[in-house]
Amino acid sequence: MAKTNSEGRDKSLPYSDIIRERVEKMQIKILGIETSCDETAAAVVNCDGVVLSNVIYSQIDIHKIYGGVVPEIAARNHIAKIDHVVATALSDAGVALSHIDAIAVTYGPGLVGALLTGLNFAKALAYSANLPLIAVNHLEGHIASAYLENVDFRPPFVALIASGGHSHLVHVKDYGKYEVLGKTADDAAGEAFDKVARTLGLPYPGGVEIDRLAKLGNPHAIPFPRPKADAGLDFSFSGLKSAVLNYLNAAKMKGEDINPADVAASFQEAVVDILTQKAIKSCQATNSTRLAVVGGVACNSQLKASLQQACQREGVHLHIPKPIFCTDNAAMIAMAAHVYHRQGKFAALSLNAVPSLEL
Ligand code: KG4
Ligand code: ZN
């Protein structure tokens, strides 16, 4: 008879083999924790990408009055909410901590105080429950959102990550194998949406407000600049943002009225053109027939329409996760961690936050 320890594990097998065996026999469940910015989130996801719970406490209303996320306030609110959010994620999933196989946590990139809250909570929970800890890169989490409740979507593919903090084009060659094809040299796409929205007097976060207002405007009213078609796969949104600000300032100086809906629609059209053009270019450069668009900006209605049209023309299969999986959430963190769990790649309890972590 095989030797087992108090947890019933066969000690004659290396730990990775034990995990593989368990994966084959049962549904591994990972608890994910995400606190890199202004969402306190926890979720339970099984190895087939089934989301058993997905709890998100958004601090948007708290930060709205400041026109953006205040790091210190974000960290304090994570501390106040994390315990309840994690307990709710477990109860919504109908599981106890003893049914969980690993705890996954975002360790970067993000706001250091915010990251440390989730990280310390995850480490304490892993230690007390004797569970493995898995370190997840937030960007990798966004990429893994493409697998949630979508078991057929798998590498290789191109991922466009467009969020408040990041604009990346990534060739996902295999699970956990990434080649960054391009990224932003300055503002992220979502950041540009938020800044332009603020100058139009719209509340934070501005992306959804611009999306709404743009439906009432003419996207061809103002010819905001686009980068040259022969430019590489990197992004730059600061020139476009400055062009919008200059347009608004010039109109103000001349005492001319502006049409906010036309400004929103023309700005959005420029961002959508840039994102669509570079995403398609990336598919062509890597011979990819699949494109996943993730991150908060993937919720943009005009971007979806433009990508659908371009992908159909190019014969590329487009996948945009449900909006709740596009904006920051912990289900994507748990999903990304399943790959590491399968490989037996666990983090030490000395794991620290890395605010400027790269993919
Ligand atoms: O992925 P996310 O929740 O957080 C980060 O990792 O940054 O993305 C938030 C960003 C914000 O900048 C927000 O304005 C933008 O996503 N966003 C949108 C839309 N919904 C959210 N941008 C354009 N159109 C939308 N419908
Ligand atoms: Zn994010």
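Predicted model: local features only at pLDDT ≥ 70, side-chain atom pairs only at ≥ 80, totals over all residues.

Me: Why is threonine 35 called buried?

Reply: Its relative accessibility is 2%, so threonine 35 counts as buried. It is found in the loop between β1 (29-34) and β2 (39-46); helices (H or I, at least four residues) and strands (E, at least two) are DSSP runs, numbered from the N terminus. Leaving aside neighbours within four places in sequence, threonine 35 is in contact with Thr40, His78, Ile82, Ala114, Leu115, Thr117 and Gly118. Contact here means heavy atoms within 4.5 Å.

Me: And what makes leucine 318 buried or exposed?

Reply: Leucine 318 has a relative accessible area of 19%, so it goes down as buried. This leucine is found in strand β10 (residues 317-319). Not counting residues up to four places away in sequence, leucine 318 touches Leu291, Val293, Leu307, Gln308 and Cys311. Arginine 212 is 106 residues from leucine 318 in sequence and 23 Å from it in space, C-alpha to C-alpha.

Me: How do you know which residues hold the zinc ion (ligand 2)?

Reply: Donors are N, O and S atoms within 2.8 Å of the metal (3.2 Å for Na, K and Ca), and water is not among the atoms, so sites may look incomplete. The zinc ion (ligand 2) is coordinated by His138 (NE2), His142 (NE2) and Asp328 (OD), at 2.0 to 2.1 Å. Along the sequence, the spacing of those donor residues reads H-x3-H-x185-D.

Me: Why is the arrangement around the zinc ion (ligand 2) called tetrahedral?

Reply: The rule is that four donors count as tetrahedral if all angles lie between 85 and 135 degrees; four count as square planar and six as octahedral if opposite donors are over 155 degrees apart and all others between 65 and 115, and anything else is irregular. The four donor atoms around the zinc ion (ligand 2) subtend angles of 96 to 132°, so the arrangement is tetrahedral.

Me: Why can you say that histidine 138 and aspartate 328 tie parts together?

Reply: Histidine 138 lies in helix α5 (residues 138-144) and aspartate 328 in the loop between α11 (323-326) and α12 (331-343), so the pair links parts that are 190 residues apart in sequence. Histidine 138, at 3% relative accessibility, counts as buried. Aspartate 328 is buried too, with a relative accessible area of 14%.

Me: Which label does glutamate 149 get, and why?

Reply: At 42% relative accessibility, glutamate 149 is partly exposed. This residue lies in the loop between α5 and β6, and its phi is near 50°, a positive value in a residue other than glycine.

Me: What makes asparagine 287 buried or exposed?

Reply: Asparagine 287 has a relative accessible area of 71%, so it is exposed. Its phi is near 55°, again positive in a residue other than glycine, and its place is the loop between α9 (260-286) and β9 (290-294).

Me: What sets a cavity apart from a pocket?

Reply: On a 1 Å grid over the protein atoms alone, a cavity is a set of points where a 1.4 Å probe fits but cannot get out, and a pocket is an open set with protein on both sides within 12 Å along at least five of seven lines; lining residues have an atom within 4 Å of a point. The structure holds one cavity of 30 Å³ or more, and the largest cavity has a volume of about 70 Å³. Among the residues lining the largest cavity are Glu140, Tyr147, Tyr175 and Met335. The elements giving two or more residues to that lining are α5 and α12.

Me: And which residues lie nearest the centre of the largest pocket?

Reply: The largest pocket is lined by 49 residues, of which Ser163, Gly164, Gly165, Asp194 and Tyr204 lie nearest its centre. The largest share of its lining, six residues, comes from α6.

Definitions and conventions
Residues numbered from 1 in each chain as written. Chains lettered and ligands numbered in written order. Heavy atoms only, no water. Buried < 20%, exposed > 50% of the residue type's maximum accessible area, 1.4 Å probe, protein only. Points joined across faces, edges and corners; volume = space filled by probe spheres on them.
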